[in-house]
Structure formats: structure tokens, C-alpha cells
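This report is a first walk through one protein chain.

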Amino acid sequence: MVIWNFSFYFSFAINRNCFSLKRYEPEFLASLLILNGFFSLVFILFRLYDKLWRYADIEDFFYVGLASVVANFLFCACTLAFDIHLGVRTFVLQAILSTFAMLMFRFVYRVDRMIERKNFPNKAKRRMLVVGAGEAALLMISEFAKSPDNSYVPVCLIDDDNEK
């Protein structure tokens, strides 16, 4: 919520060439209320608040970007419908800043988790032998690698198929 509020304030201030909200309070507050409503609604509909971001993959990042674009489009349409003229630059800059900031926030979180895993090796984890090297085994190994809370580290795969 802080990300899209800050990006809106920043784009609003740049479009007005002033970081002070004097003379613009009613317009700004009405727009901010609409912005928060649409972003919250779209993020709930996209179920982005239900995600555990330590396990997020590229598909989840795609949904964050898509949800941001949809919320910004709805915000633009609604403010124009309510005859609140913010300027095209404000809408475009808001969309770019909010989408980029949300994606970067989640990306930095993922990178931090990866660095944390590399700096704290699997000393206390038990070694695990996986029987079978099919898709289920690969999915299981992927989940073990993503979850820092598990107590096992896969070290070997055994399968009767020589191709695997």
C-alpha cells in the first residue's frame, strides 16, 4: 500500500511541479481514496495477499505486474468518470512507478532470501536420497530448495530409467 501511495504522490507532485499539496488537497485526497480502493480490490481479486513471497516464481511476478496495470487502468477510468483531471503524465508516471516499485520490492525480497540461503549452508540438515527421478521428484526437490524451513537436503536421485 505504501508503494502505490508514494508513487501516486510522486507522480502528482511532478505533474504539478511542486511537492507541496497546498491548493490541491481535495483533488489529491479524492484521487488517493480511489487509488487505494482499486489497488486493494484488484490485489485481493488477484489473490496477491495470499501468496507467500518466499516461494514466489516468475508466474507470481507476472500477476503482480498485471494486477498493477489493471488497477492503474481502473484508477484512471474512475478518476476521469468523476471528472478529476490529474493529467495524462500523472497517470502514466503513476503506472510506471507503482508497477516497477512493486516488482522490484518483490525481486529484492527474493534475492535477499537467496543470499541468506547461500550464506547459511545446510550444516544442520539431514541428507536425503530420492528414489525416482521423474517430474514429481523434481517438483519435490524444487520445493525443498525453495523452503528454508525444511530439515532435509537432497543429495542423490535414483531411478531405474537410464535416461533420467
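## Contacts along the chain

In this predicted model, 75% of the contacts with a separation of 6 or more in the protein are between residues 24 or more positions apart. Of the 164 residues, 34% count as buried.

## Overall form

The protein has five helices and two strands. Along the sequence they come in the order α-α-α-α-β-α-β. The radius of gyration is 22 Å, well over the 15 Å that the globule rule gives for 164 residues, so the protein is more spread out than a compact globule.

The C-alpha atoms fill a box of roughly 70 × 30 × 20 Å along the principal axes.

## Helices α1 and α2

Helix α1 covers residues 2-16 and helix α2 covers residues 25-45. Their axes are 10 Å apart, and the two helices pack at an angle of about 145°. The crossing of α1 past α2 is right-handed.

On the α1 side, the contact is made by Trp4, Asn5, Phe8, Tyr9, Phe12 and Arg16. The residues of α2 that take part include Phe28, Leu32, Leu35, Phe39 and Phe43. Sorted by class, the contact has nine nonpolar, four polar and two charged residues.

## The nonpolar core

The largest nonpolar core holds 22 residues. Phe8, Leu35, Phe39, Phe43, Phe75 and Leu86 are those with the most contacts inside this core. At least two core residues come from each of α1, α2, α3 (58-81) and α4 (88-119). Helix α2 gives the most, with eight residues. In soluble globular proteins, nonpolar side chains tend to be buried together.

Phe8 is listed both in the contact of α1 with α2 and among the core residues with the most contacts. Not counting residues up to four places away in sequence, Phe8 touches Phe28, Ser31, Leu32, Leu35, Phe75, Leu86, Thr90 and Gln94.

## Cys156

Where does Cys156 lie? Cys156 is in strand β2, which runs over residues 152-158.

Leaving aside neighbours within four places in sequence, Cys156 is in contact with Met128, Leu129 and Val130. Leu35, one of the core residues with the most contacts, is 121 residues from Cys156 along the chain, and the C-alpha atoms of Cys156 and Leu35 are separated by 51 Å.

Technical notes. Residues are numbered from 1 along each chain as its sequence is written. This is a predicted model: local features need pLDDT of at least 70, side-chain atom pairs count only at pLDDT 80 or more; totals for chains, interfaces and linings use all residues. Side-chain values use heavy atoms; hydrogens and water are left out. Axes are lines fitted to C-alpha atoms, for helices over the stretch in contact, and angles run from 0 to 180 degrees between N-to-C directions. Helices (H or I, at least four residues) and strands (E, at least two) are DSSP runs, numbered from the N terminus. A crossing is left-handed if the near helix is turned anticlockwise from the far one by less than a right angle, and right-handed if clockwise. Contact means heavy atoms within 4.5 Å. Ala, Val, Leu, Ile, Met, Phe, Trp, Tyr, Cys and Pro count as nonpolar, Asp, Glu, Lys and Arg as charged, and the others, Gly among them, as polar. A nonpolar core is a set of buried Ala, Val, Leu, Ile, Met, Phe, Trp, Tyr and Cys residues joined through side-chain atoms within 4.5 Å. Buried means under 20% relative accessible area, exposed over 50%, partly exposed in between (1.4 Å probe, protein chains only). The radius of gyration is taken over C-alpha atoms; the globule rule is 2.2 Å times the number of residues to the power 0.38.
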